[in-house]
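Work through the exercises below with the model open. Try each task before reading its solution.

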Amino acid sequence: MLLFFLLSVLSTVSGLTVLISFSDAAGLAAEGLDGEGPGLGTIASRTAQSDIESGKLSVEEIRRAGFKMFATPFNKFDGFGDGPLNPLDPTSPGGRPTLQNNGTFLRVNGLDAQTCLECHSIISAATIPFTPGIGGSGGINSSALFQPRFIDVQDAAQKGFAEIDGRLINPPALFGIGGVQLVAQEMTADLQQLKAKALANPGKQIALQTKDVNFGTISADIHGNLDTSGVEGIDADLVVRPFGRKGEFSSVRQFDITAMMFHFGMQPVERVGFEIDGDNDGVINEVLVGEVSALEVFLTTQERPFIMPFGKEEQRGFGLFKDIGCAECHRPVMKTQSHMLIYSYPEIETNPGTNIYYSVDLTGGLTQFEPMAKSRMLIRMFSDLKRHNMGPDLAEDFHLTDTKRNHEFITAKLWGVADSAPYLHDGRALTLKEAIILHDGEARTASDAFLNLSSNEKIQLLSFLRTLRNPATPNQDVLSQ
């Protein structure tokens, strides 16, 4: 069995190596730059938005193009990095200083990797050795340090801990996120309709309820002014943003655009403009619109996590999970109105049904979400996609936001949790039990209830959580090409 596992690991790694080497070789040959050139190749060989919109490319071909964006090591011919720092204006575009003036990497506040795959590469951390693969989570060494001004490594302030005013972000697994995006699109559409209802009925309190999740209330006056003081767990614009630990991005596309700029210094055309050198590094058209689209399609059409069959212990554990209140936020299942995930460009967050250029059936392909009657689906993600106050012990001290937002985190999706240690937003919990105990704030009641369970009941609940697994061999289609 061990030999089989090791051969599988080696096969996966060697498959990646062959594909990346082939991609590099194609780029170098195309450029003819004495053995060096962009990993993505010439602009003529790259994915255009028109290729996707026209139907020229099959979903399999789009996935391969998206995987190329996910796994190709970007270099300076591609536009990696920010360009020279302007010493007269350290905050100017093209201006993150690099470590020891190496001109390439910073590691704190971005410029911290060459590929998405570097940080999303562990399918299961529950095996020894861990199971590598495409689209998984990352170990703590892959965590991003987001915009700190200082890190008190030596505890010079004598607070008893290493203070940091930035954010430490442990990379989550990416499986099943097409279903998450569809649920968020539908929730946003519901909430926008409720906002319209409030505007049409001045003075009336409208409950913001969608998919059995309560986001508070909203009302309007006769002049069309909205009172959003009763809105909770979501921004005042009533857009559900399921991606990012703080609920910051409404779509994978938005997340990818920001990640490209932050982690690699790669400037998407849709953010800086065509033929524009947005970061003064001498390279234009670093990430094309079609390449962002292909990356989003690739990520949202990956396999979904799954639930292993329950035995008696796991069934009792699931019952306890609901009884002590965990399921109030970690909603076991969401039901969609449609099985089609739509893609928009340009996106209008408050109206996700506009500017549609592509769509995918999430009950087919690799995703295989569970269909229901009337073209609906079940998404077993174990989240309500709402932000909650998690108490002072889990709170961040991020200098660019307020106390309320520092205390809030979107409910983590528990599918795949058996394979995705370490846990919580910054990886501080090394085991599931630790993660549960560290819940505070709005989750304190459930955490206390867990502590009051008998030893056998704790084992049963943890046994249930260990049935929530990542796909075993995801994205084999792109490796086989």
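**Exercise 1. Find the lysine that lies over the face of Phe450.**

Solution. Lys458 sits over that face, at 5.9 Å from the ring centre of Phe450. The test for a charge over a ring is NZ of Lys or CZ of Arg within 6 Å of the ring centre and within 35 degrees of the ring normal. Next, go to Phe318: Lys322 lies over its face, at 4.3 Å from the ring centre.

A note on the source: this is a predicted model, in which local features need pLDDT of at least 70, side-chain atom pairs count only at pLDDT 80 or more, and totals for chains, interfaces and linings use all residues. Residues are numbered from 1 along each chain as its sequence is written, and side-chain values use heavy atoms, without hydrogens and water.

**Exercise 2. Classify the ring pair of Phe321 and Phe382, then that of Phe382 and Phe464.**

Solution. Step 1: recall the rule. Rings of Phe, Tyr and Trp (its six-membered ring) pair if their centres lie within 6.5 Å; planes under 30 degrees apart are stacked, over 60 edge-to-face, and the rest tilted. The structure holds 16 such aromatic pairs.

Step 1: apply it to Phe321 and Phe382. Their centres are 6.0 Å apart and their planes stand at 75°, so this pair is edge-to-face. Phe321 is in helix H8 (residues 312-323), and Phe382 is in the loop between strands E13 (377-379) and E14 (387-389), 61 residues apart. Helices (H or I, at least four residues) and strands (E, at least two) are DSSP runs, numbered from the N terminus.

Step 2: turn to Phe382 and Phe464. Here the centres are 6.0 Å apart and the planes are at 55°, so the pair is tilted. Phe464 belongs to helix H12 (residues 455-465), 82 residues from Phe382.

Step 3: Ring pairs link Phe310, Phe318, Phe321, Phe382 and Phe464.

**Exercise 3. Are Phe382 and Phe464 buried or exposed?**

Solution. Buried means under 20% relative accessible area, exposed over 50%, and partly exposed in between (1.4 Å probe, protein chains only). Phe382 has 2% relative accessibility, so Phe382 is buried. Phe464 has 1%, so Phe464 is buried too. Phe321 is also buried.

**Exercise 4. Which element gives the most residues to the lining of the largest cavity?**

Solution. Helix H4 does, with four residues. H4 spans 177-200; strand E10 (340-344) also gives two or more. A cavity is a set of points on a 1 Å grid over the protein atoms alone where a 1.4 Å probe fits but cannot get out; lining residues have an atom within 4 Å of a point. The lining has 18 residues, with Gln185, Ser250, Ser251, Glu347 and Pro352 nearest the centre.

Technical notes
1 Å grid on protein atoms, 1.4 Å probe; cavity = no way out; pocket = protein on both sides within 12 Å on 5 of 7 lines; lining within 4 Å.
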